[in-house]
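Welcome, and thanks for taking a look at this model. Please open the view below and keep it at hand while you read.

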Amino acid sequence: MKEILDVLPDTIRRVIEQMDTDIKKGIEEIRIRILRPLEIIVDGKSIIPDSDGGKHVITPQESGQLLNKLSQYSLYALEEELKRGYITIQGGHRVGLAGKVITEKGQVKAIKHIASFNIRVAKQKVGIADRFVPYLYDGKWLNTILIGPPQTGKTTLLRDLARIISTGDIARKLPSFKVGIVDERSEIAGCVNGVPQHHLGDRIDVLDACPKAEGMMMMIRSMSPDVLVVDEIGRKEDSEAILEAVNAGIQIIMTMHGNTMEDLFRRPSIRPLLDMGVFDRMIELTRANGPGTINRIRNQHGKEVYCKKVI
Amino acid sequence: MKILGAIIIIAASTWAGFEWAKKLSERPKQLRQLKVALQSLEAEIVYGLTPLGQACIHLAEQLPKPLAWFFETVNKKLEEGSSSAQEAWDSSLNEIWKFTAFRQGEMEVMRQLGATIGKHDRDHQQKQLRLALIHLEREEGEAKEEQVKYEKMIKSLGFLAGILLVILLI
C-alpha cells in the first residue's frame with residue numbers, strides 16, 4: 001500500500017489514511033475519476049469514503065498531480081504505457097487509464113486527457129499453490145495449463161507456482177529450476193524497469209512487456225530456462241511457440257481464459273496442442289468460493305487427478 | 001607617495017574594466033553551455049526516454065557550475081514532490097538566475113520551455129527543445145556581437161579612466 005499512497009496527491013492520501021485499518025487491508029481498487037467522487041473497492045464492494053462531511057470529489061488538479069507522480073513528471077517516457085492503457089508502479093501495482101484515445105492509422109497511439117484512473121492493488125498470495133505441487137510435479141514439472149474466467153486468480157496462482165519452481169522446496173525434495181517468465185501484460189512479475197516487484201525467488205528471468213510468442217522464442221534461444229511461464233495464451237503464434245518449447249524439452253506453465261477443458265477444444269489455435277497431448281495437467285478454476293477456487297485438475301487424457309470435495 | 005597613489009588608482013580602474021568585460025565574455029560562454037545542456041536533454045528525452053529527474057541528474061554531472069546548480073535544483077524539487085514539473089523548473093530558474101550571466105531574453109526562452117517540459121509526447125517535446133535552441137542561438141549571436149564590440153573598449157576604458165583621474169588629481 002505504501003507505494004500507492006506515495007503516488008497519490010496529498011488530499012486523496014489523507015482520505016484513505018483516515019479509513020479503518022480493517023477496511024484499508026481489504027482494498028482491491030482505488031478508482032479516481034475527474035469531477036466524480038473517489039471510489040474504493042473493498043472485497044468486491046464499492047465504498048465512497050467521506051471526507052469533511054462529504055464525498056471527496058476529484059479535482060482536475062488532483063488528477064494532474066497523480067499523473068505527474070505516476071509519470072515521474074515525464075509523460076514522454078510513458079509512450080508505451082499510454083498505448084497499452086496501464087502503468088505498472090513500484091510494488092507491482094497497476095494503474096489502468098481511460099480518457100480520450102488518440103489513434104493513428106486505426107491503431108491506438110496514446111491516451112490523452114486521462115479522466116479515469118483505476119489503481120489495482122497487487123497482492124501476492126505466497127503459498128496458495130503449495131498444496132497442488134504434488135499433482136504438478138513428477139520428477140520434473142509437468143506442462144500445466146490453468147483454465148478459468150477472468151478474476152478467478154489464474155495469474156495469482158501462476159505467480160506462486162513460478163515462485164515455488166524457482167526457489168524449490170528442500171522438505172519435499174523439490175529442486176529449484178531456472179524459470180523464464182514472458183510477462184506481456186506485466187502482471188505476473190509486475191516489473192518496474194525490468195526488475196520484478198513481486199517476490200519470485202532468485203532464479204527468475206523476466207521478459208517484461210514482451211509479446212508472448214516472440215518472447216517465448218527469445219527465452220528458448222538465449223536464456224535456457226528449465227520452465228517457461230506465460231499468461232493468457234490463445235493466438236496461433238502462441239501455440240507454435242509452445243510447441244517449439246515443448247520440443248526443446250522445456251516445461252511450460254501457462255494460463256488461458258475459459259471454463260473447462262472442453263472450452264479448449266473449441267479454440268482452433270489450441271486444438272492441435274490438445275490433440276498432441278501437450279498439456280499434462282489442466283487446472284480448472286472458478287470463483288465459486290472466492291477467487292482461486294480450484295474445481296479439478298485433469299491430466300492429458302481428461303481424467304481427473306484432483307477434484308474439489310463438495311461440502 | 002604621489003606615484004604610489006597613482007599606480008593604485010590606475011590598477012583599480014583597470015581591474016574594474018576587466019571585471020566588466022568578463023561579464024560580457026561570460027554570457028556567450030554560458031549560453032553555449034546552455035545550448036549543449038538542452039541538446040543533451042533532447043537526447044535523454046527522445047532517445048533515452050529518461051524520466052525528467054534522472055535526466056537532470058545526468059545533465060548536472062556533465063555541466064560546469066552555475067548551470068549544473070540549476071539542473072540539480074530541478075531534480076531536488078521534483079524529488080521533494082513538487083506539484084508539477086513547470087513549478088520545479090520555474091522556481092529553480094528564479095533561484096539560480098542571479099549566479100549566471102544570463103539576461104531577460106534567455107530567461108523568457110527557458111520559462112517557455114519549462115511550461116511544456118514533461119507534459120507531452122516525445123515528438124512534441126523535441127519540437128519545443130528545438131525551438132528553445134533556435135531562440136538561444138539568436139541570443140548567443142547577439143551576445144557575441146556585443147562581446148566583440150565592447151570587450152576591448154571596456155578594458156581600455158578602465159585603464160584610460162584611471163589615467164584621467166590621476167591627471168586630474170595631479
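What follows is a short tour of two chains, their contact and a few residues.

## Ground rules

This is a predicted model: local features need pLDDT of at least 70, side-chain atom pairs count only at pLDDT 80 or more, and totals for chains, interfaces and linings use all residues. Residues are numbered from 1 along each chain as its sequence is written, chains are lettered from A and ligands numbered from 1 in the order in which they are written, and side-chain values use heavy atoms, with hydrogens and water left out.

## An open sheet in chain A

Let's begin with chain A, where six strands make an open sheet with antiparallel pairing, in the order S3-S2-S1-S8-S7-S6. Helices (H or I, at least four residues) and strands (E, at least two) are DSSP runs, numbered from the N terminus, and two strands pair if DSSP finds at least two bridges between them. At the edges sit S3 (45–47) and S6 (86–88) of chain A, each of which pairs on one side only. On average, neighbouring strands of this sheet are turned by 35° against each other, direction ignored. For such angles, axes are lines fitted to C-alpha atoms, for helices over the stretch in contact, and angles run from 0 to 180 degrees between N-to-C directions.

Helix H4 (residues 60–70) of chain A packs on the sheet and touches S1 (27–33), S6, S7 (94–104) and S8 (107–120) of chain A. The direction of H4 makes about 105° with that of S8(A).

Which way do the side chains of S12 (residues 227–230) of chain A point? Val227(A) and Val229(A) point one way, Leu228(A) and Val230(A) the other way, and all are buried. Here buried means under 20% relative accessible area, exposed over 50%, and partly exposed in between (1.4 Å probe, protein chains only). In a regular strand the side chains alternate between the two faces of the sheet.

S12(A) runs parallel to S10 (residues 179–183) of chain A, with four bridges joining the two; the partner of Ile181(A) in S12(A) is Val229(A). Four bridges also join S12(A) to S13 (residues 251–257) of chain A, again in parallel, and here Val230(A) has Met254(A) as its bridge partner.

## Chain B, helix by helix

Chain B has six helices and zero strands, giving the pattern α-α-α-α-α-α along the sequence. Its radius of gyration is 21 Å, well over the 15 Å that the globule rule gives for 170 residues, so chain B is more spread out than a compact globule. That radius is taken over C-alpha atoms, and the globule rule is 2.2 Å times the number of residues to the power 0.38. The C-alpha trace of chain B spans about 70 × 30 × 25 Å along its principal axes, and buried residues make up 46% of the 170 residues.

Within this chain, Asn75(B) is found in helix H3 (residues 65–79). Asn75(B) is buried at a relative accessible area of 11%. Leaving out residues up to four places away in sequence, Asn75(B) touches Gly53(B), Cys56(B) and Ile57(B), where contact means heavy atoms within 4.5 Å.

## Where the chains meet

The size of an interface is often given as the accessible area lost when the parts come together. Chains B and A bury about 1200 Å² between them, 53% of it on carbon and sulfur atoms; buried area is the accessible area (1.4 Å probe) that two parts lose on being put together, summed over both. In this interface 17 residues of chain B are in contact with 11 residues of chain A. Pro51(B), Ser83(B) and Gly118(B) supply 32% of the area that chain B buries against chain A, more than any other three residues.

Beyond four places in sequence, Tyr73(A) touches residues including Asn68(A), Leu52(B), Leu78(B), Ser83(B) and Gly118(B).

## Two positive phi values

Leu35(A) has a phi near 65°, a positive value in a residue other than glycine. Leu35(A) lies in the loop between S1 and S2 of chain A and is exposed, with 61% relative accessible area. Ala209(A) has a phi near 55°, also positive in a residue other than glycine. Ala209(A) is found in the loop between S11 (204–208) and H8 (212–222) of chain A, and counts as partly exposed at 36% relative accessibility.
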